[in-house]
Amino acid sequence: MYTIFNINETEFTHILNHKDSFIIIFKAIKSDFIVFLSLILLEFSFLKFKTKFLKYLFASSIIIIATLYIIDSVIIYSGTRLFMTDAIKYVASMPISAVLVIITTLWLLFLLYSFLVKKNKEISRNKAIFIILGFFIFYIFPIHISTYYMKEDLLSSNMYTTNMHIRYIKDYDNKYQLKQDYDNRFIETKWKSKDKNIILIVDESLSAVDSYRTSWVKHYLTGFDEISKDGILYRNMIANGNATDAGLTAILKWVEPIPFSLSIDYYSLYKSPTTNLARFFDNKWYETNFFTTWPWDFLDKEGFLKDLGYQNIIDAKKYQWLPTYAFWSVPDSYLYKESLDYIKNKQETDEKYFLTMMTISSHLPYDTPYGKTKESMYRYTDDLLIQFYKDLKQTDFFDNGLLIVVWDHRKMTPLESGEYDKYADSAYNRIACLVIWNDIKPDIDENIYQQTDIFYSIKDMFGDSIKLIDNYNNIFDKEIRRDYALAPSFADKENMVIIQKNYKWLIYENLTLNSEKTKFKRKYNNIENPEEIIEYINQLRSYQMFLQKSILTKFKEKLVWYKNIIKEHISE
């Protein structure tokens, strides 16, 4: 019901770990309290006056609200990131919740039957109270207080976590010409060309808090922490988005996924101002590969990968006859095996390669060969990464290889206990990243980075005389040009968020995307360079709009060309 009653979703995150938890809960669902209290008062009035019209009005109100709730749920699970079958898995994973859903659904169906089929005009006071309270329970049942945070695998929690599309106020006018300024932001690199093989592992839906060595909060990924001691661990890595499409766009194309047009629904529509990583390595005579077990057609991944130009792509089709787990995919063990076999074959040749691996087993709803709980997911994910790292060392990969492990976005769950205390609002986009190669000095890097920095750091290390944006931070040599990171807002769908470095902590500042009038929501209390940030965002958005309009123009010209060809054939 969040999207119906306009509830502030972010207040459902650290509720039960907060000293004012009751006040926050009441504030978060006050709209629903008002609605249900009004219905209760109306019902008592109906019972007293026994008015047929009012009785049917009350019944219609209950039916409409229930219908809206169901429609909202269906839209979220069918129109956003999750499949409808995953909704069933969520409910089935919690027996108590499943019972409540079934009982309440049956009661609502009985209500419909009584009023519409049997035309039962009388309803007792007790039944009326039970109907309203039952429906209210149907709304709040995901709130489970056996742990210190909101449950992550139930309906309303996932309404919060999956229905996160950023909306914005206004696009730029055609007269807006910041695009030219954006073209001038690129600088040329010095000669730094390397000749290493690269493995880029993009881990699905994990948070900085999961790594104790990164956050000092949770001990979920002890294997990841142990491996990170052999390389550089980045403690202040920020995800540029809140879903896989945004993460891949930022890492592989260097486009900060800031909304720029009302027609943007798929990440293939974001156009990079420079050569993406796949084509970059292709031009350097590398073999480029994208391995995953994800379905090819999910979120237009087919169009996205084809646009990137990977030479070899392996996805769910290769494993279509095998048992599937989360997201209709085989588990990550197949991905790691496929990748290791590829690497071993390449060890026997002199061919260079760039291998991108996209995992899936850590995505909600948790479903792995180890089990369907959060704990089993972490063990499975961690065990596979540890074993893969050991196998890489046995193949002598690190003699001439670079391993990068980064997470695509923070997990789609409300904040856990201790997470908000550690990171405050910046926790919504906190991920982890590590880099390992032989001639590296193990270290912990406290500088602020975002996913797009990985893109240009790689190009800077492997390229020669290439153009880089003037405000990227280099993850390899710690050359810092920017003291902030860009990430989407969870709190206000018409805003994006600026995260700025303030000593070693990050703070949130909301920025309203309002075309030429883009500005900070507050009077930049903590922002040192507000006008510079606003200018950069305006340049980036207007540049993307310019590219999109160019694409549409070319498409229209192509249609006109085909139309003329058809006319000529008809006339002949």
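Which residue forms a salt bridge with Asp470? In this predicted model, local features need pLDDT of at least 70 and side-chain atom pairs count only at pLDDT 80 or more, while totals for chains, interfaces and linings use all residues. Residues are numbered from 1 along each chain as its sequence is written, and side-chain values use heavy atoms, with hydrogens and water left out.

**View 1. The salt bridge between Asp470 and Arg185.** The partner of Asp470 is Arg185, and their closest N and O atoms are 3.2 Å apart; a salt bridge here is a side-chain nitrogen of Lys or Arg within 4 Å of a carboxyl oxygen of Asp or Glu. Asp470 lies in the loop between strand S10 (467-469) and strand S11 (484-488), and Arg185 in the loop between helix H9 (178-183) and strand S1 (186-188), so the pair ties together parts that are 285 residues apart in sequence. Helices (H or I, at least four residues) and strands (E, at least two) are DSSP runs, numbered from the N terminus. Asp470 is partly exposed at 28% relative accessibility, whereas Arg185, at 12%, is buried; buried means under 20% relative accessible area, exposed over 50%, and partly exposed in between (1.4 Å probe, protein chains only).

**View 2. The salt bridge between Glu338 and Lys318.** The closest N and O atoms of this pair are 3.8 Å apart. Glu338 sits in helix H15 (residues 332-347) and Lys318 in the loop between strand S5 (312-314) and H15, 20 residues apart.

**View 3. The salt bridge between Arg410 and Glu419.** Their side chains meet at 3.0 Å, N to O. Arg410 is buried at 5% relative accessibility, and Glu419 is buried at 1%.
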